[in-house]
Amino acid sequence: MLQIGEFSRLSRISVRMLRHYDQVGLLKPAEQDVQTGYRRYAVSQLAEANRITVLRDLGFPIREIGRLAHADDGELARALDDRARELEEGIGREQRRLADLRRFRQEVEAGGAAISCEVTLVSVPSYQVVALRMELAGYDEERRAWERLGALMGERGITPSEPYTEYCEFCDEGAGSGSSGPAGDDTAVMVEVAVATDAHGEDDGPLRFYRSAALPLAASIKVYGPYENIAPVYASFARWLEDHPALRMAGPTREVAHRGPWNACDPQDYLTEFLVPVRKTA
């Protein structure tokens with residue numbers, strides 16, 4: 001048996017943390033003297049202590065560590081795969097933040113010059129689509145909704161119509177109350193992603209089939225190049241709307257991807273169109 005100090009040195013876990021692990025039931029000593037309170041650990045507990053340390057360093061919460069410390073290899077492997085996906089998503093978010101930071105830094109250095117976009121008025125007919133509505137942690141998580149829709153379409157053998165057309169709309173209602181995003185999170189948003197299809201199926205789980213709403217009058221703004229060019233578009237449109245007081249926004253913006261990663265190798269060749277429904281004021 002090992003005294004707590006000896007076990008601390010061999011496991012590389014502080015005595016204070018070992019006492020905490022004992023209190024929360026994560027790693028209890030093999031023996032504890034009822035008179036002195038001294039804790040003693042078995043040599044075999046070193047392997048368990050090492051597993052706890054690794055899981056803690058990987059970011060698992062205490063409750064999960066307690067379960068996984070004694071899990072079989074299959075259960076542990078599945079938990080590690082899940083954690084790996086979480087870390088990859090986190091790395092992706094941080095990489096996008098870093099790219100945003102660098103781009104903003106360049107804009108600051110250039111004097112904060114705003115992008116000016118050409119706005120035209122168009123009408124848009126309705127067409128048959130398959131759609132998925134999903135709550136996200138923020139606007140930059142839109143990719144997750146597209147990945148989910150693509151996976152569901154593949155599972156059900158739903159093919160897009162030609163020419164390929166997709167769009168998304170961010171909706172105000174429902175954010176913060178769904179199961180796909182953090183409930184009560186003020187940054188949560190609801191998005192609906194849709195792909196034009198010749199299929200006329202019945203609603204199937206999260207998938208909905210319907211004809212998109214026609215837009216009798218919409219402001220069209222086309223953005224060429226990487227998706228990073230999109231953010232300034234809204235400020236440019238707001239300035240345009242301010243210069244046209246006879247018009248008011250009349251619904252959520254529809255983002256239509258004409259060219260993207262699926263049909264353009266170079267991000268400079270991407271083409272995204274923003275359709276903002278508007279109405280004439282009385």
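This is a predicted model: local features need pLDDT of at least 70, side-chain atom pairs count only at pLDDT 80 or more; totals for chains, interfaces and linings use all residues.
Reader: Where does Gly260 lie, and which residues does Gly260 touch?

Author: Look in the loop between strand E11 (254-259) and strand E12 (271-280). Helices (H or I, at least four residues) and strands (E, at least two) are DSSP runs, numbered from the N terminus. Leaving aside residues up to four places away in sequence, Gly260 touches Tyr227 and Tyr270; contact means heavy atoms within 4.5 Å.

Reader: Now helix H2 (15-23). What makes its buried residues line one face of the helix?

Author: Those buried residues are Met17, Leu18, Tyr21 and Asp22. Seen down the axis of H2, they fall within an arc of 145°, so they line one face. The arc is that of the directions from the helix axis to the C-beta atoms. Over on the other side of H2, Arg16 and Gln23 are exposed. The cover over the buried residues includes H1, strand E2 (31-32), strand E3 (39-41), H3 and H4.

Reader: Why is H1 called oblique to H3?

Author: Their axes come within 10 Å and cross at roughly 55°. Under 35 degrees counts as roughly parallel, over 145 as roughly antiparallel, 65 to 115 as roughly perpendicular and the rest as oblique, so H1 is oblique to H3. Axes here are lines fitted to C-alpha atoms, for helices over the stretch in contact, with angles from 0 to 180 degrees between N-to-C directions. Phe7, Leu10 and Ser11 of H1 meet Gln45, Leu46, Ala49 and Asn50 of H3.

Reader: Which residues touch the most other members of the largest nonpolar core?

Author: Phe7, Leu18, Tyr21, Leu27, Ile52 and Leu68 do, out of 21 residues. A nonpolar core is a set of buried Ala, Val, Leu, Ile, Met, Phe, Trp, Tyr and Cys residues joined through side-chain atoms within 4.5 Å. H3 gives the largest share of this core, four residues.

Conventions:
Residues are numbered from 1 along each chain as its sequence is written. Side-chain values use heavy atoms; hydrogens and water are left out. Buried means under 20% relative accessible area, exposed over 50%, partly exposed in between (1.4 Å probe, protein chains only).
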